[in-house]
Amino acid sequence: MTETTQELKHTALHAQHAELGANFTDFGGWDMPLKYGSELAEHKAVRSTAGLFDLSHMGEVYLSGPQAGTALNTALAGNFTIMKVGKAKYSLILDAEGKIIDDLIVYRLAEEEFLVVPNAGNAEVVAAALQERAAGFDVQVDNASARQSLIAVQGPNAQAIVSKLAADAETVQSVTELKYYAAAKLVLGGIDVLLARTGYTGEDGFELIIDNGQAAELWAKIIAVGADHELVPCGLAARDSLRLEAGMPLYGNELSLDRTPFDAGFGPVVSFKKEEDFVGRKALESLREQTPARKLVGLKGLGKRAGRGGYAIVKDGATVGEITSGQPSPTLGYPVALGYVDAEFSEVGTELEVDLRGKTLPFVVVEMPFYTRAK
């Protein structure tokens, strides 16, 4: 074991992954399972039956108090004072120039309590920014990232699996009737859980937040009840291919401090109707009527080879963009990619090429997402 590996952080489920024979990778400073066997089989399981993910490297930051909603309205791009209790909202945290520090999900757990879930590599940065931006408001900020775990069950059989953890009919009903982008505090498998109908795969599914001390017990119970529903433990490789098919951005690829919400097509995520002067508002207001120099698009490969992150996107021999994420789509059977292209070439149907290390192959701009589950 190298010195670098020894310095990586471990989730509360690391021993369980090792026991299952996981191949590990460094992700945001965490030693995370990349795959357990075949990443293709894990991908297909999520699309056809169900997959189980450890996402405990993600952050959990709680804001509570009479001005929690107002504080969030100044700290983030969305409008949270109008959220209903039990609902979730996708949002962005920006710097003063309107550039993206992170994308995240905000849950309203009570009238005066919110949960912010940032990405793994940005958890501490986001927590510190929220603490700083909440100064002067009647609100308490609690970074619980090191104390809590997050487990996801994703796929067509996810509801049946999670329902089996319920001890009574009332809790089963709470699971089955939970709407997309909503959350509820329930007892599942005898454990207090925050259950959210959210995910990063393009499938129906749930994310379960629990204290670290109960993660291993809940993981084991999910595997046990999932046995009859072809549940498969899945690593980050499958998670990446699944989110790409679903057209979902990854921070560090599609989103970064070099991009504004307008570049990424996330203008609607930004609330200019709210009264609060949120960080980045002034910069974005000056950009609202401008067309970004480059826009994020989806690309379908017309050949067999896939474009990868960093590959040049070409039009008539000139470089007009760059791929941010790309690989063959296991579900669709052809290469797919996300990338930024000059705005004039961003229309659906535009024919482009990708430079695959000296050889250009044809790609076309397509509607997003690449894959949409049948409902």
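## Asp204 and its surroundings

Leaving aside residues up to four places away in sequence, Asp204 touches Gln154, Gly155, Ala158, Gln159, Arg197 and Arg373. The model described here is a predicted one, and in it Asp204 sits in the loop that runs between β11 (191-196) and β12 (205-211).

Asp204 counts as buried because its relative accessibility is 16%, where buried means under 20%. One of the residues it touches, Arg197, also makes a polar contact with Asp204, side chain to side chain, at 2.8 Å.

## Helix α3

Helix α3 covers residues 39-48, and within this helix Glu42, His43, Ala45, Val46 and Arg47 are buried. The elements that cover these buried residues include the strands β2 (30-35), β3 (50-54), β9 (148-154) and β13 (231-233), together with the helix α9.

At the start of α3, the backbone nitrogen of Leu40 has a side-chain oxygen of Ser38 within 3.3 Å.

## The largest pocket

The largest pocket holds about 700 Å³ of space, and its lining is made up of 33 residues, among which Asp103, Asn119, Tyr200, Arg239 and Pro249 lie nearest the centre. By residue class, the lining consists of 21 nonpolar, seven polar and five charged residues.

Two elements, β6 (100-110) and α9 (236-245), each contribute at least two residues to this lining.

Notes. Residues are numbered from 1 along each chain as its sequence is written. This is a predicted model: local features need pLDDT of at least 70, side-chain atom pairs count only at pLDDT 80 or more; totals for chains, interfaces and linings use all residues. Side-chain values use heavy atoms; hydrogens and water are left out. On a 1 Å grid over the protein atoms alone, a cavity is a set of points where a 1.4 Å probe fits but cannot get out, and a pocket is an open set with protein on both sides within 12 Å along at least five of seven lines; lining residues have an atom within 4 Å of a point. Grid points are joined across faces, edges and corners, and a volume is the space filled by probe spheres set on the points. Helices (H or I, at least four residues) and strands (E, at least two) are DSSP runs, numbered from the N terminus. Ala, Val, Leu, Ile, Met, Phe, Trp, Tyr, Cys and Pro count as nonpolar, Asp, Glu, Lys and Arg as charged, and the others, Gly among them, as polar. Buried means under 20% relative accessible area, exposed over 50%, partly exposed in between (1.4 Å probe, protein chains only). Contact means heavy atoms within 4.5 Å. A polar contact is a pair of N or O atoms within 3.5 Å; within protein, one must be able to donate a hydrogen and the other to accept it, and residues adjacent in sequence count only if both atoms are side-chain atoms.
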